[in-house]
Amino acid sequence: VLLLEQEGIPGAHASGKNAAMALQVTGSVDETRLAVEGRNFIASPPDGFCERSLYRQTGSLVVAAHAHELDKMYDVGCRLGLDVLSLNGPGLARVVSVLEGCGLERGLHNLTDGVVDVHGLLQSYLRGQAVWTDTAATRIGVERGGVRFVDTTRGRVHTPWVVNAAGHWASQIGILAGALPIELVPRRRHLFVGTTTIPVSGEWP
């Protein structure tokens, strides 16, 4: 396996900036199934995959000002048999005391969500693999429906297989092989860092 990385280090973008929360329940059954499989792999990786534990189960709490906003997520979680609890305002305050009186109508407490060691996960995937950093693919040679080679900024690589794992740039890589463009829309997420005079418990999700 040879990994081509156009940046100076692997994980410079999405992987390196991940919030590291393993949140399983979404409003989609298919997406939730994928998230569950990913969480299960990270929580119980195969022997030899990593040198230390990659997962700390903390639970998660998704809150909403209006109860109906979480109906679909709760239905998906129940359908797939996840440990999801639906909590009202007083129930939320029992889990996280500072939520008392915040006016929140409902929350979903997923007991098996947790925090991922993103750096450890990335290094586990890279262990034993050849990695060319600062290297971009410039052409993918295709003949009779099969890949024959990949031209890069470091020269040509002869190979019958290419795995396109370029994320936001996946469509551009596909075009190099003659595929039609695919519209991929990146989603920006937000992390807020602040200060508080309220003691924060390590037991909170």
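**Sheet and salt bridges in a predicted model**

Modeller: In this predicted model, helix α1, residues 29–43, lies across β2, β3 and β7 and runs at about 110 degrees to β3.

Colleague: What makes β2 and β3 edge strands?

Modeller: The open sheet has the order β2-β7-β3, with antiparallel pairing. Since β2 (21–22) and β3 (55–57) each have a single partner strand, one side of each is left without a neighbour in the sheet.

Colleague: How do you know that β3 and β7 pair?

Modeller: Pairing requires at least two bridges between the strands, and β3 and β7 (residues 114–116) are joined in the antiparallel sense over 3 bridges, with R56 standing opposite V115 in β7.

Colleague: Why is the contact of D151 with R139 called a salt bridge?

Modeller: The cut-off is a side-chain nitrogen of Lys or Arg within 4 Å of a carboxyl oxygen of Asp or Glu, and the closest N and O atoms of D151 and R139 are 4.0 Å apart, so the pair counts as a salt bridge. D151 lies in strand β10 and R139 in strand β9, so the pair ties together parts that are 12 residues apart in sequence. R139, D151 and R156 are also linked in a network of salt bridges.

Definitions and conventions:
Residues numbered from 1 in each chain as written. Predicted model: local features only at pLDDT ≥ 70, side-chain atom pairs only at ≥ 80, totals over all residues. Heavy atoms only, no water. Helix = DSSP H or I, 4+ residues; strand = E, 2+ residues; numbered from the N terminus. Contact = heavy atoms within 4.5 Å. Axes fitted to C-alpha atoms, helices over the stretch in contact; angles between N-to-C directions.
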